[in-house]
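Today I opened my notebook to look up how charged side chains pair up. Here is the model I worked from.

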Amino acid sequence: MVRQSTSEAGDSIEITVARMGERVETFVLPKDSTVADALNSAGVSSETRVKVAGAEVSSDDLLDDGDRLVISSKVSGGC
């Protein structure tokens, strides 16, 4: 289902946040929002791995309208 933005065209972007094994949510954010802004809106810890279009991104990367963020936990440690 596509949700229509309620703000003026060009003033906002619509992004999707998909949490691995959980839910998918859509958010309308101000234009020039960052990955950190999206994580904050979604209530997601910054201690996660985030990918957009298959590439890992950092928290200060800017988002584009229609971006889909895929969130997974960072795996640390090892054998």
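**Salt bridge notes**

I began with Glu25, which is partly exposed at 23% relative accessibility (partly exposed lies between buried, under 20% relative accessible area, and exposed, over 50%, with a 1.4 Å probe and protein chains only). I noted that this is a predicted model, where local features need pLDDT of at least 70, side-chain atom pairs count only at pLDDT 80 or more, and totals for chains, interfaces and linings use all residues. I also wrote down that residues are numbered from 1 along each chain as its sequence is written, and that side-chain values use heavy atoms, leaving out hydrogens and water.

Next I asked myself: how many salt bridges does the structure hold? I found 4 salt bridges (a side-chain nitrogen of Lys or Arg within 4 Å of a carboxyl oxygen of Asp or Glu). I reminded myself that side chains of opposite charge can pair when their charged atoms come close.

Back at Glu25, I looked up its partners. Arg19 makes a salt bridge with Glu25, with the closest N and O atoms 3.4 Å apart. Arg19 is buried, at 14% relative accessible area. Arg23 also meets Glu25 in a salt bridge, at 3.4 Å from N to O, and Arg23 is partly exposed at 42% relative accessibility. Through shared partners, salt bridges join Arg19, Glu22, Arg23 and Glu25 into one network.

Last, I checked Arg49 and found its side chain in a salt bridge with Glu56, 3.4 Å from N to O. Arg49 is partly exposed, at 28% relative accessibility.
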